[in-house]
Amino acid sequence: MPFFAKLLIAIAVILSVLWFLNFNAAKKEEANFDILNECIQHVNLGLHIHPHLEIIINGERQTTPANIGVNSTCMRPVHTHDQTGTLHIEWKRPRDFKLSDFFRVWDETFNQNQILNYLTDENHEIIMTVNGQRSEKYENLIMKDGDRIVITYQEKQN
């Protein structure tokens, strides 16, 4: 076999081994992923998106605090910088982030039965819309760039 063919085979084998090792490392990282144990930098990002969150409680828009997930030593993959409701989602490589990830970083509760300290009951409901369409995904919503997420806690409409 000519030298050039042997060289191409060797390169292909090396690249395959490197891909396999990287793939396994990414799978292991994903299996061990805990948003509260991860910090990111604004460099070498494979994912950088900005959904917008609005929370309305009994007709009053709630302020989403600035710097959720940001302190002097760490910036979580899901965080805020200001009070506009813009969520910043940044990670080393593409991956899905759920709305529950943001609420976990914020240390607040959100699901179909509770938003912040407000619980559903016989007189109150939680309605969530994404880009103007009703969604039943609640905390399991996978956030996308530009999503407009509105969570409304209100009296039930009969």
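Two residues are in contact when they have heavy atoms within 4.5 Å of each other. Keep that in mind as you look at this predicted model, where local features need pLDDT of at least 70, side-chain atom pairs count only at pLDDT 80 or more, and totals for chains, interfaces and linings use all residues. Residues are numbered from 1 along each chain as its sequence is written, and side-chain values use heavy atoms, with hydrogens and water left out.

**The overall layout**

- The protein chain has two helices and 11 strands; helices (H or I, at least four residues) and strands (E, at least two) are DSSP runs, numbered from the N terminus.
- Walk along the sequence and you get α-β-β-β-β-β-α-β-β-β-β-β-β.
- Of the contacts between residues at least 6 apart in sequence, 63% join residues at least 24 apart.
- Of the 158 residues, 36% are buried, and here buried means under 20% relative accessible area, exposed over 50%, and partly exposed in between (1.4 Å probe, protein chains only).
- The chain exposes about 9800 Å², with carbon and sulfur atoms supplying 51% of that; the areas come from the Shrake-Rupley method with a 1.4 Å probe, and for residues only the protein chains shown count as cover.

**Helix α2, mostly under cover**

- Helix α2 spans residues 99-106, and six of its eight residues are buried.
- Those buried residues are Leu99, Asp101, Phe102, Phe103, Val105 and Trp106.
- Their cover includes β2 (52-57), β4 (78-79), β6 (110-111), β7 (114-115), β9 (124-130) and β11 (148-155).

**The nonpolar core**

- A nonpolar core is a set of buried Ala, Val, Leu, Ile, Met, Phe, Trp, Tyr and Cys residues joined through side-chain atoms within 4.5 Å.
- The largest one has 32 residues, and those with the most contacts inside it are Phe97, Leu99, Phe103, Phe110, Ile115, Met128 and Ile151.
- At least two residues of this core come from each of β1 (47-49), β2, β5 (88-91), α2, β9 and β11.
- Helix α2 gives the most, with five residues.
- Leaving aside neighbours within four places in sequence, Ile151 touches residues including Leu53, Ile55, Leu99, Phe103, Phe110 and Met128.
- In soluble globular proteins, nonpolar side chains tend to be buried together.

- Asp107 sits in the loop between α2 and β6 and is exposed, with a relative accessible area of 68%.
- Asn131 isn't a glycine either, yet its phi is positive at about 55 degrees.
- You'll find Asn131 in the loop between β9 and β10 (133-135), where it is partly exposed, with a relative accessible area of 44%.
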